Amino acid sequence: MIHEHILNYTRDFLNSDYPVKWAAMDLNAKHRPEHESANQIDNALEHFLRQILMEQKNLVIFLFGDHGDRYHGNYTDHPGSFTEIFLPFLSIIVPRAILRDHPVWEKNLLTNSHRFMVHYDLHHTMKSLMHYPDLDQVTGHLATGSYNIFTQVIPRQRTCAAAGIPNWSCICGGPQVLSPSKWSDRHIGFAQQAVQEINSKHSKESLQQQYPGNTNLSTPCMDITLGNLTNVVVYKQEYDTHHYTEHYRIGFNSPQGPAEWEVTIDAHGHIDSLKQMTRYQKYDECLDSRVSIEFCICKQFPHGTP
């Protein structure tokens, strides 16, 4: 399986004869449709970790996700799933000798495990470890407001804005899942705006602007129409006393495809995120190479096709 090749290659690299090494590997087993897909790599990952920790006594390992899990089959009707998606798993394995030599680092790690930590902090920390034991000598680009979780303590009152997290991706202000009885024309209007944005990506005007010398403006990508809303979630953040910003995460479908979509949009109609939730690799055989496959519905499939 592909993850075995990834693990073997990473192990060979880490065991190469070079004084300082950094490696990143991406295991996407959980992205498969089977509910137990992640379990398929458990034994191989455990074997890899045990082996590499025996072979590399000064290795620090970060195990984390880019987002959390949706724990419910139909996550669109459960606020817990919308919360968990913003809370990715994180575990850090640090050699005992390092913690024994630097007890303050261990204390900081334990404290920061209960603070609002973001991936900018992990980037900062991993770069600093390349300079071990002088972790404060890290050079190169670092995100503004990031923390080294070994040598610094993240403030208890840290906000999403201070951490560099946009409001529409902030866990602090929600979510509030609206029942269908509270869906309004405004929400429908936001979904319709998303439909127009999707269609604009393969419009003649867009193709002409991107490829001014190309006179072929025809495309297999269909214009989509709005079917139904499937969920509406509200995120509200207070930025001043009695003043709030609101963002909406709206799910909807289109009969073309058929396809499921999700848009994140603020109260002023500014789209922050737009993506197709159904599997769009099936359009590979007919897509227009000038248009992102995610936004090119070029074939009709039976209802219920993933």
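Colleague: What makes K282 count as lying over the face of F301?

Modeller: In this predicted model, K282 lies over the face of F301 at 5.7 Å from the ring centre. The cut-off for NZ of Lys is within 6 Å of the ring centre, so the distance of 5.7 Å meets it.

Colleague: Which ring does K201 lie over?

Modeller: K201 lies over the face of F295, and the value here is 4.8 Å from the ring centre. That is also within 6 Å, so the distance condition holds.

Colleague: How many aromatic pairs are there?

Modeller: The count comes to 6 aromatic pairs. One of them is W105 with Y132, at 6.1 Å centre to centre and 70° between the planes.

Colleague: Why is the pair of W105 and Y132 called edge-to-face?

Modeller: Centres within 6.5 Å make a pair and planes over 60 degrees apart make it edge-to-face, so 6.1 Å and 70° give that label. The pair links distant parts of the chain, 27 residues apart: W105 is in helix α5, Y132 in the loop between α6 and α7.

Colleague: Why is W105 called buried?

Modeller: Its relative accessible area is 9%, and buried means under 20%. Y132 has 37% relative accessibility, which lies between 20% and 50%, so Y132 counts as partly exposed.

Colleague: What makes the pair of F190 and Y248 tilted?

Modeller: The planes of F190 and Y248 are 40° apart, with 5.6 Å centre to centre. F190 lies in helix α8 and Y248 in strand β5, so the pair ties together parts 58 residues apart in sequence. Both F190 and Y248 are buried.

Conventions. Residues are numbered from 1 along each chain as its sequence is written. This is a predicted model: local features need pLDDT of at least 70, side-chain atom pairs count only at pLDDT 80 or more; totals for chains, interfaces and linings use all residues. Side-chain values use heavy atoms; hydrogens and water are left out. Rings of Phe, Tyr and Trp (its six-membered ring) pair if their centres lie within 6.5 Å; planes under 30 degrees apart count as stacked, over 60 as edge-to-face and the rest as tilted. Helices (H or I, at least four residues) and strands (E, at least two) are DSSP runs, numbered from the N terminus. Buried means under 20% relative accessible area, exposed over 50%, partly exposed in between (1.4 Å probe, protein chains only). A charge sits over a ring if NZ of Lys or CZ of Arg is within 6 Å of the ring centre and within 35 degrees of the ring normal.
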